[in-house]
Amino acid sequence: MQLAKIVRTIAPVLVLAGCAHSEYDPYHDSGIFWVKDAAEYQAVSMQIYAQATADIATFVADSSWSAMPDQAVDPLLPPAIILDIDQTMLNGAEFQLIYERPYSNEKRDAWGREHAATAVPGAVEFVKAARAAGVETFFVTNRPCEKRAGNPDPCPQFQTAVDDLREIGIEVNTDQVSLSGQQSDWDREKLVRRKLIAESYRVIMLVGDDLSDFVPCARTKVMATCETPTTAESRNAAMRKYQHYWGHGWYILPNPMHGSWTSVL
Ligand SMILES: [Mg+2]
């Protein structure tokens, strides 16, 4: 009897404690703090960009080289590099820590407008080195276009992205930045925009923090050329299929905070 009474007394407390522990708390997310504060994160980023910088001359000189699989190479096309923006050029760890859950694109865009952007270590120097070598740079982001109340601009987030890059020292022409939804066929499957750039440029490098910055069909949501939802196995298979590109034309930055990898957990 005594034991049953104790169990009845503490059971609700245990349930409540369990609920409290299962609630996500960004201040206990070591991934966010690693990106925000760790010297190791900075070192890894600098290491990746140092490798990419060292490879520029080789890929510019080799007119038969392309970082776009299954793409016919036109040696007469000028060289270009395609980069992602968030966690590739810009470090958003501070936002990940403080934004009020749940996430919304509007919160991310508002934060970008109100806070100075922070560069991923090595990113700005890499872009400047590429441009100095005569390589065009394109920034392909999945930040979405969403109208704001009282604003007729169909994509006010475009200017936020341009301003963010400018704040870290990267000036861009308007045709060098593309957002998801900016054109009717530019959805979150970035392959569409990569192929469009590859029609006019020999794409010598891809730089990003997400598998989808390199290969199609990396998300569970079925889009564009993908016919079935992505799985952990299909993502790993795609990663291995193109393993010769990693560190040699493809450069992936670490992001333990968010990404398409979380869609198959
Ligand atoms: Mg990114």
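Okay, let's start with a definition: two strands pair if DSSP finds at least two bridges between them. Helices and strands here are DSSP runs, H or I with at least four residues for helices, E with at least two for strands, numbered from the N terminus. What you see above is a predicted model, where local features need pLDDT of at least 70, side-chain atom pairs count only at pLDDT 80 or more, and totals for chains, interfaces and linings use all residues. Residues are numbered from 1 along each chain as its sequence is written.

So, the sheet. Strand β2, residues 136-144, pairs with β3 in the parallel sense over three bridges, and F139 has V177 as its bridge partner in β3. Zoom out, and there's an open sheet of five strands, ordered β3-β2-β1-β4-β5, with parallel pairing. The edges are β3 (177-180) and β5, each pairing on one side only. From one strand to the next, the twist averages 20 degrees; for angles, axes are lines fitted to C-alpha atoms, for helices over the stretch in contact, and values run from 0 to 180 degrees between N-to-C directions.

Now look at β4, residues 202-208. On one side, five parallel bridges link β4 with β1 (residues 79-83), with L83 opposite V207. β4 also runs parallel to β5, residues 250-252, joined by three bridges, and there L206 stands opposite W250.

A nonpolar core is a set of buried Ala, Val, Leu, Ile, Met, Phe, Trp, Tyr and Cys residues joined through C-beta atoms within 7 Å. The largest one has 45 residues, and I81, M89 and M205 have the most contacts inside it. Elements giving it two or more residues include α3, α6 and β4. Take M205: leaving aside neighbours within four places in sequence, it's in contact (C-beta atoms, placed from the backbone, within 7 Å) with A52, F59, A67, I81, G249 and Y251.

Last stop, the helices. The axes of α3 (residues 39-61) and α6 (residues 123-132) come within 9 Å and cross at roughly 5 degrees. Among the contact residues are Y49 and I56 of α3, and F126 of α6.

How values were computed. Contact = placed C-beta atoms within 7 Å. Buried ≥ 20, exposed ≤ 12 C-beta atoms within 10 Å, placed from the backbone.
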